[in-house]
Amino acid sequence: METWAKHAPMNYLHKFYLVEAERDRVLGNDKDAREYYDKAITLAQENEYLNEEALAYELAGRFYLARNQNHAARHYLQDAHYAYQRWGAVAKVKDLEARYPQFLALQSLGSTQNTKNSITTTSGRSGETLDFAAVMKASQAISGEIVLEQLLNQVMKTVIENAGAQKGFLILDKGGNWAIEAEAAVECDRITIMQSIPVDSVDPATGIPLLSTAIVNYVARSHENVVLNNATNEGQFTHDSYITATGPKSILCTPLLNQGKLGGILYLENNLAIGAFTSERVETLKIIAVQAAISIENANLYEKLEDYNQTLEQKVEDRTAQLARANAEILGLNERLKVENLRMSAELDVTRRLQQMILPQQQELESIEGLEIAAFMEPADEVGGDYYDVLNHDGKATIGIGDVTGHGLESGVLMIMAQTAIRTLFTHNETDPVKLLQTVNQTLFDNVDRMNSGKNMSLSLLEYRDNTLLLSGQHEEVIVVRSSGEVEHIDTMDLGFPIALEEDISDFIATTEIQLNSGDIVVLYTDGITEAFNMNKDQYGIEPVIEVVALNREQSAAEIKQAVIDDVRRYIGEQKVFDDITLVVIKQK
C-alpha cells in the first residue's frame, strides 16, 4: 500500500495513513496514531473519499474512547455520524446512534454538527436549535412520494417551509444537461412543475436569467454548499450577471447527494433579509436534501419501471413474435457455436503444439557445464501460457521461467512472444538483466495493448556462471535444497514486476545471488503444480514438492524431476488439470 501511495497519493495515501494509525494503535504508539488519523481524515476530505473520511473519523473516535478521552471521542464520532449521513449510509448512521447514544442523541444533532462544505458559512443569528421532529416529519413527507411529479411538488413545499426561502428551484440532470424541473415562490403560494427548462434560461418578460448559473455550475462541479449571507457584497460570485442584475440578498445552493452521487441541486433565495440561511437552516436542508436525493432516484426508477410496464403491455404480441424469431436465431447460433468450438479447439491444439515445439531440447539442457538440468512442461486443456527456456551463450547459461495470467490462445501467444523476445536479445548479446527484462516488458506491453488483451506474465531469469546463480525478475519463489537437506526459500517479489502490466518496470528490477555447492538443488516451478487440485478440491501446495526433492536429493536431476511429477499426478488422480504444469530441477555437479 505504501508503494501504491507513492505512485498515486491522491488515491492511496489517506488509506496508507489510516492503516498506519491502526497499526500504531495496536502497538501502543498513541502519539503517532493521533497524527496518522488526522492525516488520513484531511487527505480523504481533500480527495473526496467521503466513505473513508467517515471511516477515519469513526476509528479515531474509537481510539479516543478506548483511552477515556470522551471529549475528543465525542468530536470524532459526531463527525463520523455526519460524514456517513452525507454519504447516504443510513444503516451505518443508525448503527453509530445505537452504539454511542451518549454522544449521538437525536436532540443534539443540530447543535453538534458544523456546516462543513460551504464557501461562506453564515455568522448570523445564534440560539436556534434544530427541530429534529420537524426534520423527520419533512423527510417522511418526501419519502412517502414515489410519483416523480408529486415528489417534486412535495420537495419544493418542504424546502420552502423549512429553509426560510422566498423562492426556489429544483434542478435535475437531463441527458447530461442541468434543467429546472420545479419552481416555488412564497409570495404567490405556488409550485410550478416545469418541463425540463434549461438552467441558463431567461425570463421572457425581462430578459434576465432565472437564477445564477455560475453558482449552480460550481455546486455541480464541487458537490459543496454555497451559502451567501449578502450575495451582492460577499463571495466569489458578486460579478455574476444574474446577481448584478437582480441584487439578491441571501442565496443557498446545495447538492442532492446519495452515496456520493449527485442526483440534483436545490437553489434558494431570500431577498427580504441578509443572513436568512442560518447554520441551523442549512443543517435542516442538508438532512432534507439527503432524503430528497434518495427519493428522486427511487422516483426515477419507478417512472422507468412504469414506462417499461406500459411498453411491455403494449407489445405482448410483438414479443411473442420476437421470441419465435429469437428461438430460430438461437438454433442458428447453436450451429455456429458448434463450428466455433471446433475452430477454437483447433486453435488451442496448434498453440499447445507450438508451446511444446519451442521448449529446449534435451541436448540443450545437457550442454550447461557444471549443472544437471531436467525439465517438464505439460499444457492444460486450455493452454495456460507457461514458459521455460535454457540458453547457453558465450560461456554463460541463462535459465528462464514464467507464467502468463489466464488461459487460452492469448496466454499461449504471449508466452511465445516472451520466448522470441528473450532469444532475440541474447542473439544481440544483451545480457544485462535490467535492460533485458525492460526490453521484453516494453515489447509485450505494446503487443498486449495492440491485442486489447489485458494479459501479463511473471518472469524470472537465472544467469549461471562459476557455481553462482544470479536471479532477477518476479515469479514464484525459488526453492534451494542443499546437499545437507537444508531448505531455502528465495522470494522474488522485490526482484521485478509483472511483464506487460506497466510500460516501464526498470526501477523495480533487482538481482540476488545464489551460491551453489556440489549436490545443491534449485527448483523452479509454476503455480500449475502448487495449485493443482485433487478430487476433494484441496491444493497440492509447495511443501510436498520440497519433501520429495529432499528425500531424493542424492538422485540425479532427471530422477528428482520425475519423482515430483509422479507425486503430483498421484495427488491429482482423476481430477481435471486446470493449469499448465511446469517444473525445472537444477543440480550442481
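Five strands form an open sheet in the order β7-β16-β15-β12-β13, with antiparallel pairing. This arrangement comes from a predicted model. Two strands stand at the edges: β7 (371-378) and β13 (487-490). Each of them has a single partner strand, so one side of each is left without a neighbour in the sheet. From one strand to the next, the twist averages 15°. Strands of a sheet pair through backbone hydrogen bonds, either parallel or antiparallel.

Another open sheet is built from five strands in the order β8-β9-β10-β11-β14. The pairing here is antiparallel. Its edges are β8 (386-393) and β14 (511-515). Each edge strand has a single partner, so one of its sides lacks a neighbour in the sheet. Neighbouring strands are turned by 20° against each other on average, direction ignored. Strand β9 (residues 396-404) pairs with strand β10 (residues 457-465) in the antiparallel sense, over eight bridges.

Helix α15 (residues 409-427) touches β8, β9 and β10. The direction of α15 makes about 10° with that of β8. Helix α16 (residues 433-451) touches β10, β11 (468-472) and β14. The direction of α16 makes about 150° with that of β10.

The largest nonpolar core has 31 residues. Inside this core, Y37 and Y84 have the most contacts. Five helices each supply at least two of its residues: α2 (9-27), α3 (30-46), α4 (50-66), α5 (70-87) and α6 (90-99). The largest share, eight residues, comes from α4. Leaving out residues up to four places away in sequence, Y84 touches A54, L55, E58, A89, K92, V93 and L96. A second, separate core has 27 residues, among them L148, L151, V227 and L252. In soluble globular proteins, nonpolar side chains tend to be buried together.

Two single residues were also examined. S250 is placed in strand β5 (residues 250-258). Its relative accessibility is 1%, so S250 counts as buried, the cut-off being under 20%. A polar atom of the S250 side chain lies 3.0 Å from the backbone nitrogen of A276. A276 is also one of the residues that S250 touches, along with L228, N229, L268, E269, N270, A273, I274, G275 and F277, not counting residues up to four places away in sequence. I288 sits in helix α12 (residues 279-314). I288 is buried too, with a relative accessible area of 1%. The C-alpha atoms of I288 and L256 are separated by 9.0 Å, although these residues are 32 residues apart along the chain.

Overall, the secondary structure of the protein comes to 19 helices and 16 strands. Of the 589 residues, 47% are buried. Among contacts with a separation of 6 or more, 64% join residues 24 or more positions apart. The protein exposes about 29100 Å². Carbon and sulfur atoms supply 49% of that area.

Key: Residues numbered from 1 in each chain as written. Predicted model: local features only at pLDDT ≥ 70, side-chain atom pairs only at ≥ 80, totals over all residues. Heavy atoms only, no water. Helix = DSSP H or I, 4+ residues; strand = E, 2+ residues; numbered from the N terminus. Buried < 20%, exposed > 50% of the residue type's maximum accessible area, 1.4 Å probe, protein only. Polar contact = N/O pair within 3.5 Å; in protein donor to acceptor, adjacent residues only side chain to side chain. Contact = heavy atoms within 4.5 Å. Pairing = 2+ DSSP bridges. Axes fitted to C-alpha atoms, helices over the stretch in contact; angles between N-to-C directions. Core = buried A, V, L, I, M, F, W, Y, C linked by side-chain atoms within 4.5 Å. Areas by Shrake-Rupley, 256 points an atom, 1.4 Å probe, with all protein chains shown as cover.
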